[in-house]
Amino acid sequence: MTAKELFRQISHMESFIETKRQRIIALSELASSPGSPNYSGMPKNPSPDPSRMATIIAKKIDLENEVKAEELRLQEKKLYVLDLIATMDNADYQAVLIKRYFERLSWEDIISQINYSRRYTFTLHGRALEELDKRLSDT
């Protein structure tokens, strides 16, 4: 696995966790909303789930447990990558990778913070990824 693939995997994990959090919020709202009233006077089709509220709450709890487990895996993966980055001898490599992939800064913000030209910043980034690739292949 290359460094770029590893960072992409971390990003996908973060998106997946965020999607599950949004589902938890939707389930919470659904659980707290009342059922729709019957204004027509016609009999309603009985719900196949007699305890709708309990089912929603159970789904929410299951999702919360899944999110906790995913967050733990994400944290472990991030710590692994940070440990690898920390073994790099070049502080500029470390700074560029951390600012880009962990602090999620834009290229403009990174360039202004490290005070290098745009071109040299991209060169540093490329070299840092190559160095990280070497370290990943050694482990």
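Modeller: What follows is a set of questions about labels, each answered from a value and a cut-off.

Biologist: How do you know how far the coordinates can be trusted?

Modeller: This is a predicted model, and the chain averages a pLDDT of 90, with 88% of the residues scoring at least 70. Confidence is lowest in helix α1 (residues 3–32), at a mean of 93, and highest in helix α3 (residues 91–101), at 97. Where pLDDT is low, the predicted coordinates should not be read in detail.

Biologist: Why is Lys20 called buried?

Modeller: Lys20 has 8% relative accessibility, and buried means under 20%, so Lys20 counts as buried. Lys20 is found in helix α1.

Biologist: Which residues is Lys20 in contact with, leaving aside its neighbours within four places in sequence?

Modeller: They are Leu63, Glu66 and Val67.

Biologist: What makes Glu14 and Arg104 a salt bridge?

Modeller: Their closest N and O atoms are 2.2 Å apart, and the cut-off is 4 Å, so the pair qualifies. Glu14 sits in helix α1 and Arg104 in the loop between α3 and α4 (107–114), 90 residues apart, so the pair links distant parts of the chain. Glu14, Lys78 and Arg104 are linked in a network of salt bridges.

Biologist: Why are Glu14 and Arg104 called partly exposed?

Modeller: Glu14 has 23% relative accessibility and Arg104 has 44%. The class runs between under 20% for buried and over 50% for exposed, so Glu14 counts as partly exposed, and so does Arg104.

Biologist: How do you know that Arg21 and Glu71 form a salt bridge?

Modeller: The N to O distance is 2.0 Å, and the rule asks for within 4 Å. The pair links distant parts of the chain, with Arg21 in helix α1 and Glu71 in helix α2 (residues 52–86), 50 residues apart. Arg21, at 36% relative accessibility, counts as partly exposed, and Glu71, at 28%, counts as partly exposed.

Biologist: Which of the labels, buried or partly exposed, goes to Arg135, and which to Glu131?

Modeller: The line between the two classes is at 20%. Arg135 has a relative accessible area of 19%, so Arg135 is buried. Glu131 has 22% relative accessibility, so Glu131 counts as partly exposed.

Biologist: How many salt bridges does this rule give?

Modeller: The count comes to nine.

Biologist: How do you know what span is expected of α2?

Modeller: The α2 helix has 35 residues, and 51 Å is expected at 1.5 Å a residue. From its first C-alpha to its last, α2 reaches 50 Å, close to that value.

Biologist: Why is Phe122 not called buried or exposed?

Modeller: Phe122, found in helix α5, has a relative accessible area of 36%. Buried needs under 20% and exposed over 50%, so Phe122 is partly exposed. The C-alpha atoms of Phe122 and Trp107 are separated by 8.8 Å, and the two are 15 residues apart along the chain.

Definitions and conventions. Residues are numbered from 1 along each chain as its sequence is written. This is a predicted model: local features need pLDDT of at least 70, side-chain atom pairs count only at pLDDT 80 or more; totals for chains, interfaces and linings use all residues. Side-chain values use heavy atoms; hydrogens and water are left out. pLDDT is the predictor's confidence in each residue, from 0 to 100. Helices (H or I, at least four residues) and strands (E, at least two) are DSSP runs, numbered from the N terminus. Buried means under 20% relative accessible area, exposed over 50%, partly exposed in between (1.4 Å probe, protein chains only). Contact means heavy atoms within 4.5 Å. A salt bridge is a side-chain nitrogen of Lys or Arg within 4 Å of a carboxyl oxygen of Asp or Glu. The expected span of a helix is 1.5 Å times one less than its number of residues.
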